[in-house]
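Here are a few exercises to work through with the model open in your viewer. Try each task before reading its solution.

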Amino acid sequence: MKNITNPPETSAGGKKRRREEEEVGCSHAANDDQCFSLQDELTYSDTSVALRMMRAQFPRIDQASVPPFILQSQLYSSVNDRTQVDRELELLRRDKVVRVFKLNTGQDDHAVIFLDDYLNQVDRIVKRMEGKKQNDTDIFKWFKEHVVDSKLEPSIGHHELCSLLSLGGKVKDEHITLLINAGLLTRQLIDPDMYWFAIPNIGKLWKALLQGRKELLSLLKRKRHKEMFMAELEKKRLRYSPLDMRFHLRDLIGSRHLKTFQTTSGLVVRVSTD
Amino acid sequence: MWQAIQSRETGRTRPNSFSNQLKSRRISSLQLSNRKDFVSPHRGSVNSLQVDLTEGRYLLSGASDGSAAVFDTQRATDSEASGLIAKHKCVFSVDKGHEHGHKFAVSSAVWYPIDTGLFVTGSFDHLIKVWDTNTAQAVVDFKMPGKVYRTAMSSLAMSHTLIAAGTEDVQVRLCDIASGAFSHTLSGHRDGVMSVEWSTSSEWVLYTGGCDGAIRFWDIRRAGCFRVLDQSVTQLGVRPPILKHTAVNNKVSAEKSSSGGKNRLKTPQSKHTGSQNMKGSSSVKASVEKSRQKRLHPGMLSTLDRATAHYGAVTGLKATNDGMYLLSAGSDSRIKLWDTQSGCNTLLNFETGRLQTNKAIQLATSDDPALVFVPCMKTVNAFGMWSGRTTLMFRGHYESVNTCCFNSTDQELYTSGADRQILVWSPGGSMEDDMVQDEEVAEDKDNWSD
């Protein structure tokens with residue numbers, strides 16, 4: 001069965017009035033036994049603060065070894081100004097603090113991962129491949145050194161990939177096959193000639209993301225007025241997704257499938273009809 | 001209001017700023033007009049709207065039932081409710097019953113930019129027809145290789161009268177009215193071209209957006225496109241900062257022709273060969289690529305550039321009136337603002353929900369409170385152009401909205417959609433009623449009761 005563990009370091013939440021600037025949450029003392037609800041800490045003041053807080057809140061899933069990732073739609077729901085999010089994310093990407101990946105969900109989903117987490121994941125993959133007695137593991141080193149360092153976009157063309165990898169040594173087609181097998185590169189339906197960077201071992205969580213979204217939306221649509229209090233919604237568990245409810249809520253609010261509004265008894269989440 | 005007029009009289013406010021203030025107040029109070037109505041003769045969804053460029057008076061609409069109609073926006077044909085609601089019937093319309101009418105849907109109807117004597121319609125029956133307005137006859141026909149998605153004529157053109165046509169064929173064709181033949185064929189897109197737009201700063205520059213997600217800039221005086229917009233080439237402000245711009249373009253990329261400022265055709269070729277030498281790769285692939293490039297005409301080198309501006313098809317393009325920025329709407333439900341000089345994505349995020357994915361949409365912009373009017377499914381949203389936030393939402397259509405057209409002389413917004421209606425959104429406010437009275441509406445002053 002799925003073990004959904006609420007991370008014990010459920011971050012220090014700050015008090016929040018909806019749509020107001022938020023102080024950095026770390027300044028408040030963290031109460032470990034109290035689970036801070038999402039409606040109290042929906043927005044943050046800054047993209048990097050939001051990224052760090054959400055990375056800390058990423059649910060720990062024991063079966064899959066995936067680095068904590070944050071969806072771009074979650075960032076949109078956490079910071080008030082979307083243009084500010086885009087620009088700050090661009091700055092962070094150029095400074096090589098984070099990396100952005102395009103997920104193959106059919107919609108415009110982008111995942112943001114801190115570069116250190118990503119490199120750790122790549123190392124883990126390399127170790128696993130070495131353990132399986134594969135030769136030619138130099139390709140991973142070249143990949144890390146030349147490609148990841150210089151190519152900051154989520155996609156790369158075939159010729160460019162070959163030319164960047166050949167900075168390390170002679171490149172053959174089998175090497176690229178190795179990279180695809182390791183899960184570091186994929187192809188998507190958009191363009192047959194382009195490779196897209198991917199997060200290794202993302203498969204399970206990717207499925208969980210899609211199913212969780214569907215489940216949460218259908219849960220709300222079944223209600224008579226298609227709405228529910230956020231506090232109540234947070235307590236529910238999703239059957240098909242090990243990612244916790246807060247993750248999906250932030251994602252759907254950011255991608256405008258759900259909208260929130262303030263009432264006298266708290267924040268209400270409603271399916272958006274536009 | 002009266003104080004503003006007085007301060008203009010005494011010279012405290014300049015006349016320009018007075019009229020700008022008045023215009024922006026009117027625009028921010030736009031709502032569904034309770035004084036004006038267009039009686040739409042169309043039996044299908046209305047795909048295209050354009051107000052004429054010379055007077056700002058005549059509205060041309062094209063619909064899916066193959067009909068095109070012209071309305072007079074200033075003079076009503078008759079009125080209802082004792083003169084309070086002005087009904088505007090169409091001045092004339094050409095439809096399937098007309099001997100020269102289109103057989104299938106009219107996807108695009110635009111005025112001849114010099115005067116209202118001619119208008120051009122493009123239709124799914126593969127024809128572009130040029131009509132004479134006064135006699136309502138088709139003067140010239142152009143046969144296209146595929147369904148016509150969009151036609152455009154340059155409003156700045158002094159020396160050419162070319163109609164740019166985007167069809168389901170990968171090539172964009174320019175048709176010349178004066179000679180009746182095709183003057184240019186622009187190749188470069190990899191899929192049909194859904195939106196074409198002439199530049200508002202140069203009569204020779206054409207922007208096209210294709211179903212492959214690419215936006216290309218063409219200078220019709222030379223071969224090939226000179227820029228392909230890439231959504232990953234970004235700048236962090238509405239104008240590129242001088243120093244950062246060069247730092248961004250330090251990327252070693254073999255085939256990106258969109259790094260700013262390099263318009264010469266020779267440079268892409270030297271960049272290719274230069275980068276080949278730098279990498280020192282002697283693999284078979286590189287030499288094949290080199291020979292492939294050598295075989296191509298320098299104007300065709302841009303076909304190798306596969307950069308995309310959107311993750312889906314580009315469904316709408318609109319250049320701002322000052323010619324500095326280009327707005328593009330895509331079927332990935334994003335609207336992006338591009339700087340036309342540097343070709344960079346300005347990373348402005350417009351809070352759109354879903355946009356129509358299968359049909360082209362028409363965006364509208366207004367200058368003074370810089371707003372973008374976007375049809376988002378059944379509503380029309382107005383976003384601030386420099387903030388990306390929603391300022392106004394117009395709900396009134398029963399089905400999805402296809403086009404928005406902003407009439408800046410009257411500050412009115414015309415929208416049309418799949419519900420076959422053309423709706424007018426005019427500035428609300430009773431102060432205007434005092435100032436502007438329709439003279440032809442005779443008020444019966446004896447018609448009152450307690």
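Before starting, one definition: a helix here is a DSSP run of H or I with at least four residues, and helices are numbered from the N terminus. Keep in mind too that this is a predicted model.

**Exercise 1. Find the salt bridge between E90(A) and R94(A), and work out how far apart along the helix the two residues are.**

Solution. Start with the general idea: side chains of opposite charge can pair when their charged atoms come close. A salt bridge needs a side-chain nitrogen of Lys or Arg within 4 Å of a carboxyl oxygen of Asp or Glu. For E90(A) and R94(A), the N to O distance is 3.2 Å, and their side chains do form a salt bridge. Next, look at the spacing: both belong to helix α3 of chain A and are four residues apart, so about one helical turn separates them. For context, the structure has 18 salt bridges over all chains.

**Exercise 2. Describe where chain A touches chain B: how many residues are in contact on each side?**

Solution. First, count: 31 residues of chain A contact 34 residues of chain B. Then take the area: the two chains bury about 2700 Å² between them, with 47% of it on carbon and sulfur atoms. Now turn to specific interactions. One salt bridge is counted between chain A and chain B; R389(B) pairs with D81(A), their closest N and O atoms lying 3.8 Å apart. Nine residue pairs are in polar contact between these chains, both residues being at pLDDT 80 or more. On the chain A side, α3 (82–94) and α6 (158–165) are the elements giving two or more residues, and α3(A) gives the most, with eight residues. By class, this side of chain A has seven nonpolar, seven polar and 17 charged residues.

**Exercise 3. How are α5(A) and α7(A) oriented, and which residues meet?**

Solution. Begin with the axes: those of α5(A) (residues 138–150) and α7(A) (residues 173–182) come within 10 Å and cross at roughly 80°. The two helices are therefore roughly perpendicular. In α5(A), I139(A), F140(A), W142(A) and F143(A) meet H175(A), L178(A), L179(A) and A182(A) of α7(A). This contact has seven nonpolar, one polar and no charged residues.

**Exercise 4. At what angle do the axes of α6(A) and α7(A) cross?**

Solution. The axes come within 11 Å and cross at roughly 105°, which means α6(A) is roughly perpendicular to α7(A). H158(A), L161(A), C162(A) and L165(A) of α6(A) meet D173(A), I176(A) and L179(A) of α7(A). The classes here are five nonpolar, one polar and one charged.

Technical notes: Residues are numbered from 1 along each chain as its sequence is written. Chains are lettered from A and ligands numbered from 1 in the order in which they are written. This is a predicted model: local features need pLDDT of at least 70, side-chain atom pairs count only at pLDDT 80 or more; totals for chains, interfaces and linings use all residues. Side-chain values use heavy atoms; hydrogens and water are left out. Axes are lines fitted to C-alpha atoms, for helices over the stretch in contact, and angles run from 0 to 180 degrees between N-to-C directions. Angles under 35 degrees count as roughly parallel, over 145 as roughly antiparallel, 65 to 115 as roughly perpendicular and the rest as oblique. Contact means heavy atoms within 4.5 Å. Ala, Val, Leu, Ile, Met, Phe, Trp, Tyr, Cys and Pro count as nonpolar, Asp, Glu, Lys and Arg as charged, and the others, Gly among them, as polar. Buried area is the accessible area (1.4 Å probe) that two parts lose on being put together, summed over both. A polar contact is a pair of N or O atoms within 3.5 Å; within protein, one must be able to donate a hydrogen and the other to accept it, and residues adjacent in sequence count only if both atoms are side-chain atoms.
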